[in-house]
Amino acid sequence: MYETLQRQMIQQQLESRGIKSEAVLEAMRQVPRHLFVPEKLQKHAYDDSPLPIGHGQTISQPYIVAFMTEWLGLIPGMKVLEIGTGSGYQTAILAHMATDVYSIELLDEIYSGTRELITDLLYDNITLKCGNGYLGWPEEAPFDRIIVTAAPKRIPEILIEQLKDGGKMIVPVGPVHSVQYLKLIAIKDGEIFESNLLPVRFVPMIE
């Protein structure tokens, strides 16, 4: 059942809406999304919508996961920082495409379950930490790419500082009950470039 739903997700939600990266599509094929949602919601895991994962948090809809990942422009060998591990689905997608993934989750209740799942699925290139993602992971910086899965009111400068020159960051920005935009931050020759990609709605990032 899940294989059929996953195949339909790829075709109807991703390919038909312009996701072209074969690496992203293959990662979405390889990661069983239903394992990353609560058991009672697994039949909806491949629906075109976000789903609650408990404690006021959500797993993003498949299209947003694919869209953000495609815009990161990942290349094997890259070191990636993820802010907001959540259920670990986006983390697993990143792990299929990059060499080292470092992911931070603020809520211990979510972190504990996700750490167990990631261990059970035998990912050996994911390092998890329970902590304040707003501060990044300075001990492991700099990173080739940073992806933020909760929305700060403004872009944290400390995260930009942890990007390599030539690096990119994807981050939703804006108040929780207002318009948020998914932004692409790029650094080239020490200069910072910022562009809006898509209006979105994410849970707030706690400072």
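Two strands are taken to pair if DSSP finds at least two bridges between them, and helices (H or I, at least four residues) and strands (E, at least two) are DSSP runs numbered from the N terminus. The structure is a predicted model, in which local features need pLDDT of at least 70 and side-chain atom pairs count only at pLDDT 80 or more, whereas totals for chains, interfaces and linings use all residues. Residues are numbered from 1 along each chain as its sequence is written, and side-chain values use heavy atoms, with hydrogens and water left out.

Strand E4 (residues 100-105) runs parallel to strand E5 (residues 126-130), to which 5 bridges join it, and Ser103 has Leu128 of E5 as its bridge partner. The chain passes from E4 to E5 through helix H5 (residues 108-120) in a right-handed β-α-β crossover, a crossover being right-handed if, with the strands pointing away from the viewer, the path from the first strand over the helix to the second runs clockwise. E4 also pairs with E3 in the parallel sense over 5 bridges, with Leu81 standing opposite Tyr102 in E4. E3, helix H4 (residues 89-95) and E4 likewise make a right-handed β-α-β unit. Of the 6 residues of E4, 5 are buried, where buried means under 20% relative accessible area with a 1.4 Å probe and protein chains only.

Within strand E3 (residues 79-83) lies Glu82, which is buried but has no salt bridge, the nearest side chain of opposite charge being that of Arg33, 11 Å away. Here a salt bridge is a side-chain nitrogen of Lys or Arg within 4 Å of a carboxyl oxygen of Asp or Glu, and charge is assigned as positive to Lys and Arg and negative to Asp and Glu, with His and the chain ends not counted. When residues up to four places away in sequence are not counted, the contacts of Glu82 (heavy atoms within 4.5 Å) include Tyr102, Ser103 and Ile104, as well as Ile147 and Thr149.

Leaving aside neighbours within four places in sequence, Ile19 is in contact with residues including Tyr63, Ala66 and Phe67, which are among the buried residues of H3. In total, 9 of the 11 residues of H3 are buried, and H3 is followed by Gly73, whose phi is positive, near 65°.

How values were computed. Buried means under 20% relative accessible area, exposed over 50%, partly exposed in between (1.4 Å probe, protein chains only).
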